[in-house]
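Here are some exercises to work through with the model open beside you. Try each task before reading its solution.

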Amino acid sequence: MPDVTTRAFEWTETNREWLVENPIRIVAYVLAALVARYAIYRAVDRATRPRAKEGEKPRSAALIRSLRPRNAPTERSAQIAARRAQRAATIGSVLKSTVSIVLLVWVVLSVLSVLGVNIAPFIASAGIVGLAIGFGAQNLVRDFVTGVFMLLEDQYGVGDIVDLGEAVGEVETVGLRVTTLRDVDGTLWYVRNGEIARVGNMSQEYAVARVDVPVAPGADIDEAQRVADEAARRALADDDTDVLGPVEMLGVQEVASDQIVLRLTVKTKPNGQWAVQRRLRRAILRAFVDNSVDLPYVRAMAMEAN
């Protein structure tokens, strides 16, 4: 029996590195990675999720507050809050995925190093594979990078009416690779972020309702401008829900052989310019008829009748 005990101790002492030290080092690396992952995830969640104390109004997360444009209006709405929350959640998801991948690679390389495996070839191979993937998936990488910058710069968000070149409509989802928007006909467009060369956002901060009013070439321009201006002001006085500023009569915008175009503008809330334009056109048309201001098609019809 003593011989067996002695041999066991000798064998343990000889193989202590594999039986004790290496397992402890591997467990230590894994635990360190799990602790780091947990701590970083907690930090990301605190930065991207709104917090609320019991009995108090929920406060925006730190990252959401930092994503608020400095020149943005102070008005708070559910749409703005949802937009910031979506941006923060998407950025948080990217950060978590990046952290998980980095920690996993670090743990694998550390374990291989503990086991005595030469990791230099793995690092060289990873560089070559990464280079090959970079060349083969250039579009995917470009879509991803462009999506990240779009979120950080707040170029557009869910609910915005945007012009992306080939597609114009309301943004329904904003992803890191694809943006979807629905146009006025109900068609859902899928646009890769890397293919977006420019963005026209019609829904940020404020909009301008521009109304071009045609009148007959022989009409009294001063009278037409007065009637249109008064009609527009009366229409907005009855309902100024979407209006942020006064009506501005800019005057004659275009002169042609068959018509003269008058232009007026008014500052509105985002996405409210189209409703204001329709209301102003209807009010101005009625005012022109009531005040006998000649319209181009009326003069043309009269000439044809004669």
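Two strands pair if DSSP finds at least two bridges between them. Helices (H or I, at least four residues) and strands (E, at least two) are DSSP runs, numbered from the N terminus. The model is a predicted one, in which local features need pLDDT of at least 70, side-chain atom pairs count only at pLDDT 80 or more, and totals for chains, interfaces and linings use all residues. Residues are numbered from 1 along each chain as its sequence is written, and side-chain values use heavy atoms, with hydrogens and water left out.

**Exercise 1. Work out how S2 is joined to S3, and which residue stands opposite Val171.**

Step 1: S2 and strand S3 (residues 178–182) run antiparallel and are joined by four bridges. Step 2: opposite Val171 you will find Leu181 of S3.

**Exercise 2. Describe the pairing of S1 with S2 and the hairpin they form.**

Step 1: start with the ranges, which are residues 161–163 for strand S1 and residues 168–174 for strand S2; three bridges pair them in the antiparallel sense. Step 2: look across the pair, where Ile161 faces Glu170 in S2 and Asp163 has Val168 in S2 as its bridge partner. Step 3: turn to the hairpin, where four residues lie between S1 and S2 and Gly165 adopts a positive phi near 100°.

**Exercise 3. Examine phi and accessibility for Glu205 and Asn271.**

Step 1: Glu205 is not a glycine, yet its phi is positive, at about 65°. Its place is the loop between S5 and strand S6 (207–215), and its relative accessibility of 34% makes Glu205 partly exposed. Step 2: Asn271, also a residue other than glycine, has a positive phi near 65°. Asn271 sits in the loop between strand S8 (260–268) and H8, and with a relative accessible area of 28% it is partly exposed.

**Exercise 4. Which residues of H7 and H8 meet?**

Ala224, Val227, Ala228, Ala231, Ala232, Ala235 and Leu236 in H7 meet Val276, Arg279, Leu280, Ala283, Ile284, Ala287 and Phe288 in H8. Sorted by type, the residues of this contact between H7 and H8 are 13 nonpolar, no polar and one charged (Ala, Val, Leu, Ile, Met, Phe, Trp, Tyr, Cys and Pro count as nonpolar, Asp, Glu, Lys and Arg as charged, and the others, Gly among them, as polar).

Notes:
Contact = heavy atoms within 4.5 Å. Buried < 20%, exposed > 50% of the residue type's maximum accessible area, 1.4 Å probe, protein only.
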